[in-house]
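Please keep the structure open while reading.

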Amino acid sequence: MRIHRLEISAFGPFAGTEEIDFDRLSAHGLFLLNGATGAGKTSVLDAICFALYGSVPGARQDGKRLRSDHAAAALEPGVTCEFSARGRHFEVSRSPAWEKPSARGKNGFTTQQAHTLLRERVDGMWTEKSGRIDEAGAEITAILGMDREQFTRVVMLPQGDFAAFLRSKATDRLDLLQKLFGTHRFEAVEQELTRQAQNARSDVASLNDQLALMVSRAESEAAPLLLDAAESRRQEGGAALLGWLETAASARVAELVAAAAAAEKASRVSNGRFEAGAARSARQLRLAAAVSRRTAAEAGAPALQLSVSRLERHRKAEVLGGQLQAVDTAETVLVSAARGREDTTRQLRLAVQSEPELAHLDPDTVHISPELGRLRSLQAVVEARLGDEQRLAELRSRVTAVESSRQSFIAASRTHAGALEARLVESEALAAGIQPLEERAAEAVLRTKEAAAADELVDVVRRYGKAVSECAVIAGRHREARDEHLGLRQSWLDLREERLANAAAELAAQLTDGGACPVCGSPDHPAPAPSAASALGMAEAEQVARDSCETAEVALTALELEVTAARQHVAVLAGQGGDTPAEDARKAAAAAHEAAAEAQRAVKELAGCRLRQSELEAEIEAVTSARAAALSGAAQAESTVAEVREQSTTLESALSVLRAGHANLAVRICAITAAAGSLERAEAAQAQCEQAALQAAEARRQLELALPAAGFQTATAAKAGLVGEAEAAALLAEVRAGQDEQARIAELFASEDLRLAAAELHEGSTIDESELETLREEEAQARQTAGEAVLASGLAARSRETLGRISREFEDAATAGRVPREQAELLTALADAACGRGENSYRMSLNSYVLAARLEQVALAASERLVAMSDGRYTLQHTDAKAARGAKSGLGLEVVDQWTGHRRDTSTLSGGESFMASLSLALGLADVVQQEAGGVDIETLFVDEGFGSLDEQALEQVMDALEGLRDGGRVVGLVSHVGEMKQRIGTQLQVVKGRNGSTLHISDGELAG
């Protein structure tokens, strides 16, 4: 990885934009970064780190703002770094977040977010790779193969940090080495092993808890059986205890089953005695109840017999019920019919006196049938003429409608006449205004072309101004190229003249002792011409100058062609009017556009007028036709009105006779209907009265014929024998209930239980209530005792089954737990070994073990440089000796003194020795980390302060070692205040601080300027 260029703007102490050409510094391989304290030497390294990784090393990221306080308020902070790695060329630009002045922002500022741009140079062109901060960071990390922590340790060697590393404890070294070598995966392995061991132990503990819970369940299940507690405590282990509990429970179940059988037997005997006593008591009660019912039935026998007699008379009279009812009904109908005839006769007399249709009749001698026929005929004639009244109403409506239509036609003709006159006026006005519009519209095409020509002139003027500017630029470049070509040609001619002047020296350089001179032929060469410079070098310099001159000449020729073409283009545009003042061209274009717009408006107005004229012609024709149609309709309507009125008068004369003074025929029909109704009611009442008399006589005759057969002399006697339906039903129910009771009593006394009860009563073997209660209590006590015994035996049997099931589950769980216990023991031992616990006597974890191997490689690489710096005296060696008081081991460092052969702790080195050792350690660590990062070639290194602690000889040795770092084109930058370093290293990057910020300068003995 090589850095080519660094550009810093408003960053750290740098107020403006500073650019560092690292390719120029690389020409000498070793350069010095110096400057006063606080000038910003470290900020240069911070800028490189920020450009690559978006942050600065260590605490400086959190401890200061990245934007310069000296910079102008509107200047954006940023860093651009151009670098190459793995054969590819990149440029990364980053800007941190900063507050930009803004009139609309809060407190006068707006926050500008950080942004990044990563580009790669491909085939001579910059190609954008990414504009996102995270993507660019990931891409650079992948290219360099190092994260920020590794980069700052490998490329920016912090000698002071490694001096502390030499004196630090193993735990402190662990943190640094772990960050550099990325061994977190081994620490993750330790954590994973610990987690798996903990999980395995948790599984075993959970299994043990399950076994203990099973034993506890078994003890709880066996507690109600009241087993021998002392014997239970003597059992060792869960399996033995569960086996003893199951055996003891089986024995206890057998005892309880036998006790339950004996209790059930005693309960059955007691229940038999109680049931026999209860049955005897029930029989005695039923006998007493039967005797009481028989006595009551014998007392009610006379009343029952009377009810039977009344019921028989009712049933005989009930046979004549239909005839008796028929006679009563017929007489009632006859009376009602006589009243109705009298009422209708009275109403008919009133109708004759009040209704016009009956006024011609005599109230005392009315012949109903002939008069009723006359009225029905008259009603038929009037109903037949009802349609004529509807027709008369329609004729009158038609007269009104036709008259209204006539008035509408007259009004429409007047309206059409007004509309026709208005349209004729509008048509004449349009015809007068079309001619001026036609004259203006004829100029539309011309005005449009003039506007387009004016726009083209404006564009030509714009292109002319641009062409003039471009021509001036190309002419300036041509002048510069011409001056450069003249200078290069003069340099080439000077070198050529110098080489020709040195021709004698070239010939002298070819002379040999005894050889003939190509000029004079003499074999002696007493005074060969001396050479001021190498002939080969002068020839090469001349050729280079000639090539440069020819290249400049080609470029000048190309620019001459460009100048000619540019000037020709300017002339062409000027010929097209491009030299016209721009303001005049714009005003002319605006006027032309206004004229074209006016012409287009005239075209649109002309089209509108012509369209309206066509519409008016059609409207005039339509209005004329409509007015003629309205006049014709009015004449026809007037003729129709006269004809309809004549028909209406004739029909009205005919209908007035039929109305007979009524409002209309419907009212006349209602009067006729009412008169006919009076006659019909009188006729119907008379017929009904005659029919009722006949029916009453027939009913009386039928009753007189049926009385003797039923056993009655008169109808009055028959009616006296009848009772109501409710009373008859009550008598029937009473008779049936008495007879049923007598039958049931007879059945009771014939039953086996009552005969046995009567025998027991006769013998005196009865049982009282107190004796029965005693038997009941004895039976309940025996039943409860048997139930408790059966329940106890059932619970005991269930407990025995549960104990057997728990014992089997315990055995299965214990068998299944052997493998997890063995695995837990294995994982615990493995985790303890990986984490430096248990039998790991060195207390060295897996992570420490891997880092110890890396530290051993670092010590070997550092020793190669420390031997050179210390004149072969010191080497660094890794040690894994056990630490005191059980501390963790494996990351120890010792210094070996080759002069004495003794080893000692690195903390015993002097200040200068510590600097050489820490520098060697930093360089060695950089080599190892570089190999770990995939072999990325680090071609740019920075070494921090610390040279002031060296004496002259040690400084010389360190400088020799640093000079060796330049092998293969590597560039080494030293950060130092030591004055002797400034004298030894001619190429310097100087940081100059001032009140307005710091600046950067490159000082080079050969390249400074």
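A contact here means heavy atoms within 4.5 Å. The model is predicted. Among contacts in the chain between residues at least 6 apart in sequence, 74% join residues at least 24 apart.

**Chain overall**
- The chain holds 28 helices and 17 strands.
- Of its 1009 residues, 37% are buried.
- Its accessible surface is about 56,700 Å², and carbon and sulfur atoms account for 53% of that area.

**Ser270**
- Ser270 sits in helix 10, which spans residues 238-299.
- Ser270 counts as buried because its relative accessibility is 6%, with the cut-off for buried set at under 20%.
- Leaving aside residues up to four places away in sequence, Ser270 touches Glu778, Glu779 and Ala782.
- With Glu778 there is a polar atom pair: a polar atom of the Ser270 side chain lies 3.3 Å from the backbone oxygen of Glu778.

**Helix 10 against helix 22**
- Helix 10 packs against helix 22 (residues 752-763) at an angle of about 95 degrees, and the axes are 9 Å apart.
- The two helices are therefore roughly perpendicular to each other, a term that covers angles of 65 to 115 degrees.
- Helix 10 contributes Arg280, Arg283, Gln284, Arg286, Leu287 and Ala290 to the contact.
- Helix 22 contributes Asp753, Leu754, Leu756, Ala757, Ala758, Glu760 and Leu761.
- By class, this contact has seven nonpolar, five charged and one polar residue.

Conventions: Residues numbered from 1 in each chain as written. Predicted model: local features only at pLDDT ≥ 70, side-chain atom pairs only at ≥ 80, totals over all residues. Heavy atoms only, no water. Helix = DSSP H or I, 4+ residues; strand = E, 2+ residues; numbered from the N terminus. Buried < 20%, exposed > 50% of the residue type's maximum accessible area, 1.4 Å probe, protein only. Areas by Shrake-Rupley, 256 points an atom, 1.4 Å probe, with all protein chains shown as cover. Polar contact = N/O pair within 3.5 Å; in protein donor to acceptor, adjacent residues only side chain to side chain. Axes fitted to C-alpha atoms, helices over the stretch in contact; angles between N-to-C directions. Parallel < 35°, antiparallel > 145°, perpendicular 65-115°, else oblique. Nonpolar A, V, L, I, M, F, W, Y, C, P; charged D, E, K, R; others polar.
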